[in-house]
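These are my notebook entries on one structure.

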There are 2 protein chains.
Amino acid sequence: MQLKKYTDYGLRILMYLASRNDNKLTTIREICDVFDLSANHVNKVVHHLGQLELITTKRGKNGGFSLSKTPSEIHLDYVIRQLEGDEPWIDCYSSYCVAVPACKLRGLILRGKEEFYQYLHDYTVADLMTGSGAELATIFRQRLASAEA
Amino acid sequence: MQLKKYTDYGLRILMYLASRNDNKLTTIREICDVFDLSANHVNKVVHHLGQLELITTKRGKNGGFSLSKTPSEIHLDYVIRQLEGDEPWIDCYSSYCVAVPACKLRGLILRGKEEFYQYLHDYTVADLMTGSGAELATIFRQRLASAEA
DNA sequence: ATTAAAGATACATTAATAATACGACTTATA
DNA sequence: TATAAGTCGTATTATTAATGTATCTTTAAT
């Protein structure tokens, strides 16, 4: 019972973009440098975030991506649901269980899952950062500088 | 993001035991017949449930196991937490992330997880069965009869 | 036009972990 | 004392997440 690293990476990318208050585009390369992740994997997550229209991507030279909404408009439940995939947390049908017709387990787990997401709905990417986000921005800047050195 | 089948099996076993209103012991063999599961796996889950003192096991000839509490005393959050393992749903430490010191993600996911379990705390094994549980008992009886045939 | 930078996409491989199987041991009782 | 039943450790298999490789497309600078 764990969120995928894929989802984790997605959240970090959004956090990174939110920490930048300039209007410059960020590249996959930059993300890799800061978080020390493989370009291949980041690639996929960035693409996914683009398809979800959470970020706007621009191909070609001097391309990159940036948030397409303000950080406080990006609700965590949505991001996690989409990146994680919204399958039921228990699969009572494919591995068929004789009890299914008279069992309320599935429904309860579904509701419990919704409680999890409902809680996260009240928080956004802006809420991920302590204080103003300046602390995080500093960490990122330093990390980028030392990676480029 | 899925509960383990292991946890699922545990819940089914408890449900099965709850559906029996006689005082007879149930055997691993019987569980396997009813749910069509491998004995080896059920073995481990039964053992685990015994260690959690949710069931009382009796070795030797004519042995078996039965619930050590009434179904309405067994809260689902406890069962799932124990069988599933109570690790954080996101691991920000072992795969170290530079953002950690200034990031509130971990705390939010932890709280969200608690919301999930808190919801389940209000339900017990007794609540898993529709109505009086008679329907489920019938299903199990039929399944057992046809497996033994 | 050409070239280099950047994301898009498909496919292959590796690593992690859940699921299952096997086998030996212990306990209890008919 | 034979046998049924749970206990427990280890090994194997299957599934899926994670990562890697390669190629394509787009875009802007030169």
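Which side chain does the side chain of T26(A) join through a polar contact of 3.3 Å? I found that the partner is the side chain of R20(A); a polar contact is a pair of N or O atoms within 3.5 Å, where, within protein, one must be able to donate a hydrogen and the other to accept it, and residues adjacent in sequence count only if both atoms are side-chain atoms.

Conventions. I note that this is a predicted model, in which local features need pLDDT of at least 70, side-chain atom pairs count only at pLDDT 80 or more, and totals for chains, interfaces and linings use all residues. Residues are numbered from 1 along each chain as its sequence is written, chains are lettered from A and ligands numbered from 1 in the order in which they are written, and side-chain values use heavy atoms, with hydrogens and water left out.

Entry on T26(A). I located T26(A) in the loop between helix 1 (5-19) and helix 2 (28-35) of chain A; helices (H or I, at least four residues) and strands (E, at least two) are DSSP runs, numbered from the N terminus. T26(A) has a relative accessible area of 1% and is therefore buried (under 20%, 1.4 Å probe, protein chains only). Beyond four places in sequence, its contacts (heavy atoms within 4.5 Å) include Y16(A), L17(A), I31(A) and F65(A).

Entry on R20(B). I looked up R20(B) in the loop between helix 1 and helix 2 of chain B. Its side chain makes a polar contact of 2.6 Å with the side chain of E30(B).

Entry on the copies. I found that a rotation of 180° with 0.0 Å of shift along its axis superposes chain B on chain A, with RMSD 0.0 Å (least squares on the C-alpha atoms of residues with pLDDT of at least 70 in both). The two copies are thus related as by a two-fold rotation axis.

Entry on DNA strand D. I counted 28 residues around DNA strand D, with N40(A), K44(A), N43(B), H47(B) and R59(B) as the closest (near means a heavy atom within 4 Å).

Note on methods
Buried means under 20% relative accessible area, exposed over 50%, partly exposed in between (1.4 Å probe, protein chains only).
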